[in-house]
Amino acid sequence: MQVLKSTALFFLAALAEIGGAYLIWQWQRAGKMALSGLLGAAVLFLYALIQTTQGFSFGRAFAAYGGVFIVTAVLWGWWVDGRVPDRWDRVGAGICLLGASVILWMPRR
């Protein structure tokens, strides 16, 4: 159950971080209203709150989160920007997710 909870928190945090940054990107790069940037900043704050609820040490939680972030960013690019991941995107994302799993769930002494 802990694995499912931490995985869900990682993906929620990644969606909040990417979504918040995307809103700021839209404001800065695509000429959207400043409200988009403010909403993005609020969503980024939500990301920080979600990420800090993990039950791991700070360093381990953020190191493993990196792998989940990369996978979520590739999926965001596909679903939101319409950029279909190629073979190397998928391989790289899989390697990152494997690395995150090793950091989090390998037995420790």
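The dialogue below discusses the predicted model shown above.

Student: How many helices and how many strands are there in the protein chain?

Tutor: The protein chain has four helices and zero strands. Read from the N terminus, its elements follow the order α-α-α-α. The C-alpha trace spans about 50 × 35 × 20 Å along its principal axes.

Student: What share of the contacts in the protein chain with a separation of 6 or more joins residues 24 or more positions apart?

Tutor: Such pairs account for 65% of those contacts.

Student: By what quantities are two packed helices described?

Tutor: In general, the description rests on the angle between the two axes and the distance between those axes. In this model, helix 1 (residues 2-29) packs on helix 2 (residues 34-51) at an angle of about 160°, and their axes are 7 Å apart. Angles over 145 degrees count as roughly antiparallel, and helix 1 and helix 2 are therefore roughly antiparallel to each other. Their crossing is left-handed. The contact of helix 1 with helix 2 comprises 16 nonpolar, seven polar and one charged residues.

Student: Which residues does Ala16 contact, leaving aside its neighbours within four places in sequence?

Tutor: With those neighbours set aside, Ala16 is in contact with Val43, Leu44, Tyr47 and Ile50.

Student: At what angle do helix 3 and helix 4 pack, and how far apart are their axes?

Tutor: The angle is about 155°, and the axes of helix 3 and helix 4 lie 8 Å apart. Helix 3 is therefore roughly antiparallel to helix 4. The crossing of helix 3 and helix 4 is left-handed.

Student: Which residues of helix 3 and helix 4 meet?

Tutor: From helix 3, the residues are Arg60, Ala63, Ala64, Gly67, Val68, Ile70, Val71 and Val74; they meet Asp89, Ala93, Cys96, Leu97, Ala100, Ile103 and Leu104 in helix 4. By class, the residues of this contact of helix 3 with helix 4 are 12 nonpolar, one polar and two charged.

Student: Which residues make up the largest nonpolar core?

Tutor: To read a core, one looks for buried nonpolar residues joined through their side chains. Here the largest nonpolar core has 12 residues in all: Leu9, Phe10, Ala13, Ala14, Ala16, Tyr47, Ile50, Ala64, Tyr65, Val68, Ala100 and Leu104. At least two residues of this core come from each of helix 1, helix 2, helix 3 (58-79) and helix 4 (87-105). Helix 1 supplies the largest share of this core, five residues.

Student: What percentage of the 109 residues of the protein chain counts as buried?

Tutor: Burial is judged by relative accessible area, with under 20% taken as buried. Of the 109 residues in the protein chain, 28% count as buried.

Student: Where is Gln54 found, and is Gln54 buried or exposed?

Tutor: Gln54 lies in the loop between helix 2 and helix 3. Its relative accessibility is 8%, so Gln54 counts as buried. Not counting residues up to four places away in sequence, Gln54 touches Ser6, Leu9, Phe10 and Ala61. Leu9 and Phe10 are among the residues of the largest nonpolar core.

Student: Is Gly77 buried or exposed, and which residues is Gly77 in contact with when neighbours within four places in sequence are left aside?

Tutor: Gly77, a residue of helix 3, is buried, because its relative accessible area is 13%. With those sequence neighbours left aside, Gly77 is in contact with Gly82 and Arg83.

Notes
Residues numbered from 1 in each chain as written. Predicted model: local features only at pLDDT ≥ 70, side-chain atom pairs only at ≥ 80, totals over all residues. Heavy atoms only, no water. Axes fitted to C-alpha atoms, helices over the stretch in contact; angles between N-to-C directions. Parallel < 35°, antiparallel > 145°, perpendicular 65-115°, else oblique. Left-handed = near helix turned anticlockwise from the far one by under 90°. Nonpolar A, V, L, I, M, F, W, Y, C, P; charged D, E, K, R; others polar. Core = buried A, V, L, I, M, F, W, Y, C linked by side-chain atoms within 4.5 Å. Buried < 20%, exposed > 50% of the residue type's maximum accessible area, 1.4 Å probe, protein only. Contact = heavy atoms within 4.5 Å.
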